[in-house]
Every structure is written in structure tokens, then in C-alpha cells.
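Here are my notes for a first look. Please read them with the structure open.

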Amino acid sequence: MQQRVTQALAGRFDRRAEVVARAPGRVNLIGEHTDYNQGLVMPCAIDRETVVAGAAREDGVLRVASLDLEDEASLDLASLRRRGDWSDYLAAAAWSLQQAGHSVAGADLVVTSSLPRGSGLSSSAALGVAVMQTLAALSELPLSMREIADLVWHGECDFVGVGCGILDPYASALGRAGHALRIDCRDRSVVEVPLSERATFLIAQSGVPRALAEGRYKERVAECEDALEKAKGAALVAESAESLRALASTALPALEAVLDPAAFRRVRHVLTENDRVEEFAAAFANGELANAGDVLQRGMRSLRDDYQVSVPELDALCEIADAHPACHGSRLTGAGWGGCTVHLVDPDGADAVSDAIEAGFAAAFGRSAEVAKVRASAGASLLPVAGVSAA
Ligand code: GLA
């Protein structure tokens, strides 16, 4: 991929690469729809990634080409605005750097990715992180990976307007090979959690695109904000509370009395999901994989019944895998409404579970679901620039 982008930069733009950067996608093991509620999440970066090659320009223009989409865009750094397409994520990275007071150099960029778009593996955050690293390096801005993660989040939230939390950029920027990250989205602390060799994680792709999910995602964000206001109105939480994180699951009986049934179910998911992250981390650390799998299954039920973000394909993938003796537990991962599921399996039975998922899904839906083993991978980094000369 590195060679493809450097060669394309030479071929399309007649430029020699000055910087090449990579940023991985992520799978979230547990802690779903908690990040924008300042809760707990536990993702790991995966071995599929976005790679960007870039060379600086003097004229304040950002020219970008996507090899996968076979599309090009030209953006004026002095007047960045949303266009409603893939280039918004690049513009967001430049905009966010500018908002933080940095002077961003123009650039020619070529992008490619092994992350399928809309698959729930966070292709947009990987694009944002890879592009921001490239722009920061070309503009000689000494930013840490943590700063890059925060700025990518700011761009995605306020320029693209997704209203998401920090889960995806943090996982992509700060991932560590062989580890998951336990992230507290309130104080933004990150703890690296070693993944045991006795456990394998599989990801299965439902093939259902998340294309229409954005509106429903924003609806969930708004429902959580409204519920917080109601809890404040009923004096169940301090007026100064910034998010549902200020409430513990012990407050659920009192919340049930003041929230309408749908709002209560949303809040119940969020508060119990925070507890599940702690439970999962503890069970995993103690090698209690059956218990860890049980936490995943409970998380799936909560996403399906309380948060209502599942679809029949995701339900089926989990049910098929959970029926196999080598599978400890399964859940949908990412926002839902499509995308992927994640399965905690016994390493010796991983291939058998994978086969069972593929066969069961094909029988139910008449098409295949791609299943892959998760390789917890290193977070984003700059790559050495190969000596490819301009055409
Ligand atoms: C999407 C968002 C994340 C997070 C998840 C749900 O992936 O980008 O910020 O909210 O959904 O956990």
C-alpha cells in the first residue's frame, strides 16, 4: 500500500512523497454508545489501515486523490467548507489543526485503504488520523499522537458534524500491538490491556452498509442529552453534570420513575454498559473467558433490546456463533444498524466457529459474511519514505 500511494503521488501529481503515514481501523470489544456519554470503552486497533502519501505545496491548496474511490478533490485551505463527500474528513483534519491555531501548509495527498467503508471498522477516523499526521509532518507541527487523536475527534464532531465520541480516533492513534485499550472518555485516560493468547477475537461482516445510520446515531445522542436534562429536572443528578456518566446504574430505579419508557431503556443501556466494561476487563484479566463471553452476550442483548441499534443480520451472526461450543460470547461492534460483530472464541476452535458463522449466515441470508481473526495492531505511525522519484 505504501508503494501504491507513493507511486500514485508521482504518477498523478508529479510529486515525490515527503511524508507517508498509516492509521489503522479498530474493533470495539465492549463499551458501545458510551463514548459520547463520557463513559468507558475498550477497543483495539486492527491490521487494516489507511495509508497517505503527501508532498507540501506553497499555494494553500489541498489536492487529494483517493485510489479506492477513483476520485479527486481540490480544497482551499483559506475557506474550508463541507462538500458532503469523502473529502470532508480530510478538510476536517486541516480545519481542526487551524482551529487549534496551527498554520497548515498546502499539500498534494494520495490516499488508499484496506478498510472497507461503512463496515463499522472506523474507516473515517483512520482517514482523519492518517491525513492529520501527514499534514502535521508536512507543516512541521510537533504534535503527539494524543493531540492528533483529540484534534481528529474535534474535526469529525464539529466540522463533519457527526456528534461522535473519542472512541475511534483514540483507538486508531493510540493502539498497541497485542493489546486492547481501556479508555475512560471522561478524563481521557488510556490503559493498555494485554490480550491473552488463550483468547481469539473474530470479526464477522454483515455486509449491511451503515449508510442510513447517521441520522439514527444523532437521534441516540440527542436522546441521551434529553434524558440527562430530565434527570437534572428531577434532581437525580447535579445541575453541573456534563453527561450520563454522572449517573451510576444504582440510580436506575429512580430514573425509571421520571423517564418515558424508551428514554429509560437508552439510559439503562448506557449505565449498565459502563459496568460491563469493568466486568469484562476483570474477567479477561483473570482468564475467566466464559464470564467475559457472558458479558459480551449481555451487552448484545442490551444493544438489541434497550438501545435498539441491531438488525437481523447482526442478531443472526451472534446467535450462530454463540451456538458453537468454542465461542464464549458475541456482540455487534461499532454504532450498529449494520457493520460487524465481534466474537470471543477459543483459539483451537476459531476456525470451526468461523466456518459455522459463514455456513449459518449463508443459509439464512443467501450471501456470505466475511469472517477474520483480529490481530490487535499498533496505532498510527509515520512510515519511512521510499525513494520513488517523480515521473
Ligand atoms: C461510532 C462512533 C463512535 C461510537 C460508536 C458506538 O463508531 O464513531 O464514536 O459512538 O459508534 O460505540
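1. Domain bounds here come from an automatic or database domain assignment. That assignment gives the chain domain 1 (2-194 + 377-383) and domain 2 (200-223 + 269-374). Their centres, taken over C-alpha atoms, are 26 Å apart. Keep in mind that this is a predicted model.

2. The two domains touch. On one side, 31 residues of domain 1 take part, in contact with 37 residues of domain 2.

3. Now the ligand. The largest pocket is where the ligand sits. Both domains supply its shell: domain 1 and domain 2 each give at least three residues.

4. Which residues are around the ligand? They are Arg26, Glu32, His33, Asp35, Tyr36, Cys164, Gly165, Leu167, Asp168, Tyr217, Gly334 and Ala335. Sorted by class, the shell holds five nonpolar, three polar and four charged residues.

5. Look next at individual contacts with ligand oxygen atoms. In Glu32, an N or O atom of the side chain is 2.7 Å from an oxygen atom of the ligand. In Tyr217, a side-chain N or O atom is 2.6 Å from a ligand oxygen. Gly165 uses its backbone instead: an N or O atom there lies 3.2 Å from an oxygen atom of the ligand.

6. How much of the ligand does the protein bury? Taken alone, the ligand exposes 310 Å², and the protein buries 96% of that.

Note on methods: Residues numbered from 1 in each chain as written. Predicted model: local features only at pLDDT ≥ 70, side-chain atom pairs only at ≥ 80, totals over all residues. Heavy atoms only, no water. Near = heavy atom within 4 Å. Polar contact = N/O pair within 3.5 Å; in protein donor to acceptor, adjacent residues only side chain to side chain. Areas by Shrake-Rupley, 256 points an atom, 1.4 Å probe, with all protein chains shown as cover. 1 Å grid on protein atoms, 1.4 Å probe; cavity = no way out; pocket = protein on both sides within 12 Å on 5 of 7 lines; lining within 4 Å. Sits in = over half its atoms within 2 Å of the grid points. Nonpolar A, V, L, I, M, F, W, Y, C, P; charged D, E, K, R; others polar. Contact = heavy atoms within 4.5 Å.
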